[in-house]
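Trainee: Please pick one part of this model and take me through it closely. I would like a single connected account, with the cut-offs spelled out.

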Amino acid sequence: VIFTTEDKVGALASIIQEIAKLGFSMDKIISRPTKDKEWGYYFYVELRGSINNKTLDDLKDTLKNKVKIIKVVGSYYK
């Protein structure tokens, strides 16, 4: 999942809490600067779970008011 947040105190922490509430484990989080805004960052997060899981849709619905952009970019298969 890739998302961007507002530049305010606690924005990322709030999103991480929502991820945890829905039962996802975060395997990795990486921040990268955006090209369009100084001090803007997007976050790449690897979550443990199925891409076809309804809970992933719930996560996107929950976060849509807390993030500027959210995108599911793929999944790994065992």
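Mentor: Start with strand β1, residues 2-5, which pairs with β3 in the antiparallel sense over three bridges. Strands here are DSSP E runs of at least two residues, helices are H or I runs of at least four, and elements are numbered from the N terminus. Two strands pair if DSSP finds at least two bridges between them. This is a predicted model, in which local features need pLDDT of at least 70 and side-chain atom pairs count only at pLDDT 80 or more, while totals for chains, interfaces and linings use all residues. Residues are numbered from 1 along each chain as its sequence is written, and side-chain values use heavy atoms, with hydrogens and water left out.

Which residues does T5 touch beyond its close sequence neighbours? Setting aside those within four places in sequence, T5 is in contact with A11, I15, Y41, F43 and K68. Contact means heavy atoms within 4.5 Å. T5 belongs to β1. Its relative accessible area is 14%, so T5 is buried. The cut-offs are under 20% for buried, over 50% for exposed, and partly exposed in between, with a 1.4 Å probe and protein chains only.

Now the whole sheet. Strands of a sheet pair through backbone hydrogen bonds, either parallel or antiparallel. In this model, four strands make an open sheet, ordered β2-β3-β1-β4, with antiparallel pairing. Its edge strands are β2 (25-33) and β4, each pairing on one side only. Neighbouring strands are turned against each other by 20 degrees on average, direction ignored. Those angles use axes that are lines fitted to C-alpha atoms, for helices over the stretch in contact, and run from 0 to 180 degrees between N-to-C directions.

Cross to the other partner of β3. Eight bridges join β2 and β3, again in the antiparallel sense. I30 stands opposite Y44 of β3.

Y41 is another residue of β3. Leaving out neighbours within four places in sequence, Y41 contacts T4, T5, S31, R32, P33 and T34. Y41 and I30 lie eleven residues apart in sequence, with 9.8 Å between their C-alpha atoms.

W39 sits in the loop between β2 and β3. Its phi is positive, about 65 degrees, although W39 is not a glycine. W39 is exposed, with a relative accessible area of 63%. G49 lies in the loop between β3 (41-48) and α2 (54-63). G49 counts as exposed at 55% relative accessibility. From G49 to M26 the C-alpha distance is 9.6 Å, and the two are 23 residues apart in sequence.

Next, helix α2. Its buried residues are L56, L59 and L63. They cover an arc of only 55 degrees around the axis, which puts them on the same side of α2. The arc is that of the directions from the helix axis to the C-beta atoms. These buried residues pack against α1 (11-21), β3 and β4.

Step back to the chain. It has two helices and four strands. From the N terminus on, the elements run β-α-β-β-α-β. The radius of gyration is 12 Å, close to the 12 Å that the globule rule gives for 78 residues, so the chain is as compact as a globular protein of that length. That radius is taken over C-alpha atoms, and the rule is 2.2 Å times the number of residues to the power 0.38. Along its principal axes the C-alpha trace spans about 40 × 20 × 20 Å.

Buried residues make up 23% of the 78 residues. Of the contacts with a separation of 6 or more, 56% join residues 24 or more positions apart. The chain exposes about 5800 Å², of which carbon and sulfur atoms supply 50%. Accessible areas come from the Shrake-Rupley method with a 1.4 Å probe, and for residues only the protein chains shown count as cover.
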